[in-house]
Amino acid sequence: MTLRLATDIGGTFTDLVAFDEETGALTIGKASTTPADLPQGVLDAVTAAGVSLGEVAELVHGTTVVINALTERRGARTALVTTEGFRDVLEIGRGNRPDMYNLVSRKPPPFVPRRHRFEVRGRVDRHGAVLRPLELDDLEPAVEACRRDGVEAVAVCLLHSYAHPEHEQAVREALVAALPGVPVTTSSDLTREWREYERSSTAVLNAYVQPTVERYLGALEDRLAAGGLRAPVRIVQSNGGTTSVGAARRTPIRLVESGPAAGVLGAARLGEELGEANVLYLDIGGTTAKCSLIENGEPKTTTEYRIEWRPDYAGYPIMVPVVDIVEIGAGGGSIAWLDDGGSVRVGPRSAAAEPGPACYGRGGESPTVTDAKLAASVLDPEYFLGGRLRLHPRLAEEALRRLGAPLGLAPTELANGIIRLVNANMISALKLVSVRRGYDPRDFVLVAAGGGGPMHAAALGAELQVKRVVIPPHSGVFSAWGMGLSEARVDAAQTRVLVTSGSSPEELDAVFARLEREVTDALVAEGAAGSLRCERSADMRYRGQEHAVRVPLRPGPVSVAAIEADFHALHRQKYTFDLEGDPVEIVTCHVSGFGGRALLPAPPTRSRTGRPTPKGRRRVDFDADGVHEAAVHDRDALPAGFRAPGPLVIEDETTTALVHPGQSLEVDAAGNLIVCLQ
Amino acid sequence: MEERFDPFAVEILKDKLAAAADEMGVVLARTSMSPIVYEVLDFACGLTDAQARVVAQTNGLTLFTGTFGPQVESLISDYGLDGMREGDVFATNVPYRGGTHTCDVCLVKPIFVDGGVIAFAVSITHWIEIGGAVPGSIPPDATEIFQEGLQLPGVRVYDAGHRSEAIVDLIAANIRLPRTGLGDLNAGVAAVAIGERRVLEARERYGLELVLASFERVLEHGEQTARAALRRIPNGVYRAEDVIDGDGVSDTHLPIAVTVTLGDDWIHADFTGCAPQAAGPVNCATGALLSACKTVVRAITAPDARSNDGFFAPFSLTIPPGTVFSAEPPAPTGWYYEGAAFANDLLWKALAPACPERLGAGSYTSLCCSYVVGRDAETDELFVLAEPNVGGWGGSALGDGESALIATTDGDTYNFPAEVVEARFPVLVERYELNVGAGGGAGRHRGGFGVVREYRLRGGVDAYGYGSIGGSERRPWAVGGGDKGTTNYLEYVRGASVERHGRVARVPLADGELVRSITGTGGGFGDPREREPERIREDVLDGYVSLAHAREVYGVALDPRTLELDLAGTAALRGG
C-alpha cells in the first residue's frame, strides 16, 4: 500500500503516473481515452503501467467530464428559482457587446430556458436584513412544472444571498422535499460574493452538470473498486487542490478546470523541488498554449473565470476559485494564413489531429506551426513521436510555398516568420500573467511542458529574460504528475465591506476565524488527513474603487497597519500609484485551507557517469538567432550533471527541446533539463 | 512598407501596440472610483502617432472610436509638438474640439524619444460629475454648454512631470464629487503612463525606426483590410431618413437624412439636409458624428479587427456646419450620445439593404440613460446614479434580434448588477426583467426584447430623477415585411400617479417612490407569417409571444390548454 496514483483524462490519451512513496520510483501508463466509457480508459492506463490497484494508498483523479458536459451541452434539464422580479437575470446577463463593431452579434444563450425560470417572493437588503418574508407557497407552480417537464436539477439564486443564505436554504429544503431525487444547488453554497448574474450562472452550471458528474463518479468508484482499489479516490479541483468524491458530487462546478489546474500545481511543486518559489508555467499542446504564474510557491486563483469566453464573446461566468490560466489559440496545429490587410497570422484556427499539419500527409494543405518547425529542421521527420509518425518535409515545404509565394517569401523564410509570430503570441500570453499584473519575469523561472513547450521555451525565456528555463522529464504527462503531488484544498470567502481605519484587529480576526473554522471543518469532514494549514487574504481597495487587490495576510495576529502597508505596496506594483492616506476598505475576506502535502518522493538518482555522444548533427533554424549546426542528443542518454553549450537539440519520444546558441544546458539529478540563458 | 524592415518584427510590434492599449484600459478600470467607469466601462484608451493617427485602441465605447485623433490634433495645433515637454499631460473635454460632452475628460500624454514627440498616449473617461446646473452635469433641458459644467480646453494638468496643483484645485472646486473626479484623474494618468512605458520599452528593444515603421504598417493594414471588404459590397447610392423625437427643450421631431455613396473601395456619407442645431442638448459636434459613422464603417468592413485610423481612410463625410450633428459653440451637447445614436442608426438604416449579412433591422437606438440624484440619508453624501439601459435589437438575415443588449453607441460596456447598485446607492432594485409585454418587432426573425428596470428610492433625501431617452415616439424600423419595434420611456410612480416621459429635466422623488426604465423591442425582419410554427410554439412556451399575438400576427394556432400546435388551424390562418 505504498502507491500514490494520479490519472488525468485528456481528449486523446488517459495518462497515469504512479509514485512509489517508499522508493521514489515513478511509473507511467498511457492509454487511449474511451469517450463512451471514461473509467475504462483509466483501467487501461493502470494495466499499461503494470500497477496493481490493491497496492494503491491513494488515487488522485483529474477529469474533463465537467467542462465537456458544459461545452457539448450534455448536461441535465435544469430549472432556476430566483427572487421575484429577477426571472430574466440569467438571460439579460451583463448586456455587453465584446465584439462591439459587430451589429449582428450573439449573446451567450442561457442554459435554462425562460419557461423553467421561476420567481419566489421574499426580499433581503444589502446588509442581509429581511425586508419581506420568504413565501414558499410561490414554489408550487415551479414544482408542478418541474414534474411535468422532467426537470433533472434545480438551481436557486436569490438576491443578496451572499449576506443572507437562509432563504436559499429554505427554498432548497422545500424543493428537495417536493422533488425527490432531483439535486438542488444554492448559489450561496458555491460563493459568497456579490453580483447576481455571475452567482446565478455559477449555480445554474453546477446544477446542469451535477447528474452527469454523479453518474460518472459513481461508475468510476465502482469500476475501480471492482478492479481491487480499496483506497480513497480524490478529485482535483480547479483551485489546484483535491477534494473527496462526496464533495465533488455536491459542487461539481469546482472541477471545471481540473486537468489544467493540476499542471500549474505540478509546476509549483517542481519549483519547490528546485528551490524556486516564483515560476512562470507554459504548456503548449496541439491547439492551445496555457500560461500561469506562481508566486511564493502558490498558484494564483481567480473567481472571475468564464467558460467559452473569447475576446469577442462574453461566455458564462463561474464564480468559484480557478487557477488563473491564460489560454491562447497557439499550438503545433495552429494554421498560418494571410489576412485581408496582407499580414501573415498564426492561429487561432488549428488543423487539430485531422487532417493535422500538412506534413502529416493526411490531406492538410495549410501550413501549421509544426510544418514550420519541420522546415526549420527543429523536428526530425524520422523521429516524430519517437518515429511512430513519419513526417513529410516536401508537403510542409509545398504548403509554405503556397502561402509565401505572393509575399515573395521562400518556404524557409516564411517558416522562420511563423515561428517568430507564434512565439510573439505566446510572449503576449506570458506577459498577460506576469508584466500586466505587475510582475517582473526576471524574478521567475520558466517551466515548459506539453508536447510543444520544450521547443519554444528557450526562445521565450530569452525574450522575457527569465532566470532560467526548466523542462521536466515526462513533460508529456506533466498534469498527471502534478496531480500526484496535490493536497486537499477548501476555499471560503465572505463579502463584507469594512473600512480598515474603523475596524479593530479583533473584528477582522473574528471574520477570518469563522472562515477558518468553516474551512477546517470541511477538510476534516471530507477526510483530509495530516496537518491542516490555513492561509488568509483580503480583497482590498481605496474607498470609492470597485475592483480590489488580493492582499495575502502575514502570519500571526491581525495587524491593520501591516495589512494597509501591504495593500499600498501591491496597488503601486500593479497600477503604478498608491493613495496612501486615503481611506482603505476590505471587501472580501478569503481563507484557503490545505489538508497536508504529499511528500515528493526522491527520484531514483541518475547515473553521473558517461559522456553521451550525439546521435547526430543537423542545421537548425533557431528563429530570431539564425541558422546553426547543432548536435542532436537522445534525452534518455543524458546523465545527471551533463553540461553542454548551445546550440543543441534534445529529443525524446514526446517532444524536442532546443538550446539556442549562447545558451547552455545542464541536466540535474531528477532529469530536468535546465537551460541557462546567459 | 519599405523593404529594409523585417516584416515579421513589424507584425510583432503591431500586436504589442494593441496589447499596450488593452493594458491601459485594465489599469484605468481597476483603479477608477466611479461606477460608470469600473462597472459600466464607459472609457477608452489608446495610442496615436505624432500626427494624431490612432494606431491602437481598447475595446470599450464605440463612440470613442473617432474622437482621439481630432482631440490630439487640437492639442498639436494649440501647443505645437515643439511646445510640449516630456512629462506633460493635457486634459481636454471641449465637444467642439473633437470631443463628445464635457463629462468625457480626455487625457493626453506626449511620448518623447531624444527630445522629440513620437506618439501620444490617450485615455478618455466619463467623469460622473463635472459641475454645471445639475448633479451629473447633463441637464436634459440645457440651452448652453455653460450649464454642462467645467470646460477643460487642453490644459496642462501635468507640467513636465509635475502635477499642476492650481489646475487640480480649480477642477476640484468646480465639481460636486471631487474625490471621485480626482480618482478618475489618477486612474487616467496611470493609464497614459503605462502606455508611455510600453512604447518606450518597444523602442528600447526594437529601435525607433522599427517602432515608427510599425505605426505605418498598422495604418496600412487597417486601410487595406477596409478597402478589401468594401470591394465585396455592391456599389450604389443609398439614402435614409428619420427623425429625432425631441431635444429636451421641445418635443418637436427633428428631421435627419443621409445619402451614402459606395464606390469600389470607398464610402462617402453626406448628411446635408439634417435639422439645424437644436435648442436642447441632443446635439453632437462633428467629432462625435465621425465616431458614430466610423462604428458603422467598421461593422460593414472588419468588425472583428482591432481599431486604428487606417480603417477609416476609405471613408469621407460631408456635413454643413451648425446642424444637429455638427453643433457649434455654445450649443449644449450634454446628451450628445442621443444625436450620435440617431446618426449611427441612420447610416445603418441606409446601408442595411447593401449589407444584409452585417446589418439587421433597427434597434432600440437610444442609450436610455436615466439619472437619479440626491443625498444618501445614511452617509449624508451626494449620490449620482447614472445608468444606461440595455434594450432590444432588430432581427436580421442571420436570426432573431438579441434581447437586452447595450446600444450601438456603447459597446463592451456592462449593466449594473442590482446587488452592486443597492450597495452603492439608496435604492432598491425591485424588478429587472425582459419587456416581453410590449409586443412589436414581429417578423420571420423577430426583434429582441428590451427590459423593465425599477428603482425604489430607499433612504434618499432631496432626490430627483431626470433622463433623455430617444425613441419614446419614433419606433425602430423593420426590414422586409417585419413589424416595427416598440418605444423606450421612463415612468415615475409617485403616490397614485404614473408619469410617463421621454426627455425630462426634473421629477422630484420622495422616499418610497419609484422610477421605471422601459426599453423597446427591436424591429422585425421578414414576414411574421413565414416564421416556423414550431418556433412560435417555443416562443409561447417561454412567454415571449402571447397566444393572441401568435394567432393574429404570426398566423399560428395553438391549443390554448395544451399549447400543442394546431396545424390545420395554422394552415387556415396562413391562407392555405
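Glu308(A) lies in the loop that joins β17 (305-307) to β18 (316-318) of chain A, where helices (H or I, at least four residues) and strands (E, at least two) are DSSP runs numbered from the N terminus. The structure is a predicted model, in which local features need pLDDT of at least 70 and side-chain atom pairs count only at pLDDT 80 or more, while totals for chains, interfaces and linings use all residues. Residues are numbered from 1 along each chain as its sequence is written, and chains are lettered from A and ligands numbered from 1 in the order in which they are written.

Most residues other than glycine have a negative phi, and most peptide bonds are trans. Glu308(A), although not a glycine, has a positive phi of about 60°, and with 12 C-beta neighbours inside 10 Å it counts as exposed. A residue is termed buried if 20 or more other C-beta atoms, placed from the backbone, lie within 10 Å of its own, exposed if 12 or fewer, and partly exposed in between. His160(A), likewise not a glycine, also has a positive phi of about 60°; it is placed in the loop between β9 (153-157) and α5 (166-178) of chain A and is buried, with 26 other C-beta atoms within 10 Å.

Cis peptide bonds, with omega near 0°, are found from Gly347(A) to Pro348(A) and from Pro329(B) to Pro330(B). Pro348(A) belongs to strand β22 (residues 344-350) of chain A, whereas Pro330(B) is located in the loop between β11 (315-318) and α8 (336-351) of chain B.

The contact between the chains takes 51 residues from chain A and 69 residues from chain B, two residues being in contact if their C-beta atoms, placed from the backbone, lie within 7 Å. On the side of chain B that touches chain A, the largest share, 11 residues, comes from α1(B).

Helix α12 (residues 411-433) of chain A packs against α1(B) at an angle of about 15°, with the axes 10 Å apart; axes are lines fitted to C-alpha atoms, for helices over the stretch in contact, and angles run from 0 to 180 degrees between N-to-C directions. The helices α12(A) and α1(B) are therefore roughly parallel to each other, a description applied to angles under 35 degrees, with those over 145 counted as roughly antiparallel, 65 to 115 as roughly perpendicular and the rest as oblique. Among the residues that meet here are Gly417(A), Arg420(A) and Leu421(A) in α12(A), and Phe8(B), Glu11(B) and Ile12(B) in α1(B).
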